[in-house]
Amino acid sequence: MNNTRNIPLLYISLIFITLGSMVLLACGVESGDRRPARRDDDKTGEFHRSPVAAFEQFRVDVEKTDTGCTAEPSDIMVGEGSRVNFAVQLTGGEVTTTATGSTQLQGEREKVSYKVDGLAISSSGGAFGPGITEVDLELETGTRRSYSFSVASAGAFDILCDGEKVGTFTVN
C-alpha cells in the first residue's frame, strides 16, 4: 500500500521540478530589441520595423440644398502612389435618439451622385468590389461610404456632385 501512495507524490514532485526549471530558464533569457514600432517624430516611418507607403485619410461631408451640392473639403490633394482612405457622407436631416437608444433620421431624405471624374484606381484592395476602379458613389442622407485605395496616375480630376463640379481631386 505504501507504493500506491508514493506514486502520486512522485508525479507531483516531477511536475514541480519541471515547472521550476521552466521558470528558472525563462528568467535567464534576455529580451530582444525593445524599440517602439513607431516613432513619434515620423508617423509614416516604420510600422513593425518595416517601411510603409504614405497613408492619407479624408472625410468628406456632402450637403445637398435647393441651390445645389457642396462638399467639405471640396479640394483634395494626395501624393502619387499614396494609399488613400476616403470616407464620404451625405449630411443633412435631423438625427434624433429614441427611448431605446437607437438613432433615427428625421426629415427629408436626399440622394446624390458623388464622382471623381477620370480618376483611375490602381488597387482597390476590395474596397469597391471586383472590377470597379473609380470613385462613383450613389449616396443617401446619413449614409457614409468608406474606401481605401491607391491612385494610378498623377493629374487633376473634377469632383462632381449630381453632375456639377464641387471640387478638384489632385494627384501630385
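This is a predicted model: local features need pLDDT of at least 70, side-chain atom pairs count only at pLDDT 80 or more; totals for chains, interfaces and linings use all residues.

User: What makes C69 and C161 a disulfide?

Analyst: The two sulfur atoms, of C69 and C161, are 2.1 Å apart. The cut-off for a disulfide is 2.5 Å, so the pair C69 and C161 qualifies, with S to S at 2.1 Å. The structure holds 1 disulfide.

User: Why is the disulfide of C69 and C161 called left-handed?

Analyst: The handedness follows from the torsion about the S-S bond, which is about -55°, so the disulfide is left-handed.

User: Which parts of the chain does this pair tie together?

Analyst: C69 belongs to strand β4 and C161 to strand β13, so the link ties together parts that are 92 residues apart in sequence. Both cysteines, C69 and C161, are buried.

User: How do you know that strand β3 and strand β4 pair?

Analyst: Pairing requires at least two bridges. Strand β3, residues 55–65, and strand β4, residues 68–72, have 5 bridges between them, so they count as paired, in the antiparallel sense. A hairpin of 2 residues joins β3 to β4, and T65 stands opposite G68 in β4.

User: What makes the peptide bond from E72 to P73 cis?

Analyst: Its omega is near 0°, and the bond from E72 to P73 is accordingly given as cis. P73 is located in the loop between β4 and β5 (76–78).

User: What is noted about phi of D162, and is D162 buried, exposed or partly exposed?

Analyst: Phi of D162 is near 50°, a positive value in a residue other than glycine. D162 lies in the loop between β13 (155–161) and β14 (164–171). The relative accessible area of D162 is 37%.

User: Which residues have the most contacts inside the largest nonpolar core?

Analyst: That core has 28 residues, and those with the most contacts inside it are F86, Y114 and F169. Strand β6 (residues 83–90) supplies the largest share of the core, 4 residues. In general, nonpolar side chains tend to be buried together in soluble globular proteins.

User: How do you know that F86 is buried?

Analyst: The relative accessible area of F86 is 0%. The limit for a buried residue is under 20%, so F86 at 0% is buried. Setting aside residues up to four places away in sequence, F86 touches a number of others, including F58, V60, I76, R145 and S146.

User: Why is the pair of F86 and F149 called edge-to-face?

Analyst: A search of the whole structure finds 3 aromatic pairs. In the pair of F86 and F149 the ring centres are 6.1 Å apart and the planes stand at 80°. Centres must lie within 6.5 Å, and planes over 60 degrees apart count as edge-to-face; the pair of F86 and F149 is therefore edge-to-face. F86 is in strand β6 and F149 in strand β12 (residues 144–151), 63 residues apart, so that the pair links distant parts of the chain. F149, at 0% relative accessibility, counts as buried.

User: What makes the pair of F86 and F169 edge-to-face?

Analyst: The ring centres of F86 and F169 are 6.0 Å apart and the planes are at 80°, so this pair is edge-to-face. The pair links distant parts of the chain, F86 in strand β6 and F169 in strand β14, 83 residues apart. F169 counts as buried, at 0% relative accessibility. One aromatic cluster is formed by F86, Y114, F149 and F169.

Terms used: Residues are numbered from 1 along each chain as its sequence is written. Side-chain values use heavy atoms; hydrogens and water are left out. Buried means under 20% relative accessible area, exposed over 50%, partly exposed in between (1.4 Å probe, protein chains only). A nonpolar core is a set of buried Ala, Val, Leu, Ile, Met, Phe, Trp, Tyr and Cys residues joined through side-chain atoms within 4.5 Å. Contact means heavy atoms within 4.5 Å. Rings of Phe, Tyr and Trp (its six-membered ring) pair if their centres lie within 6.5 Å; planes under 30 degrees apart count as stacked, over 60 as edge-to-face and the rest as tilted.
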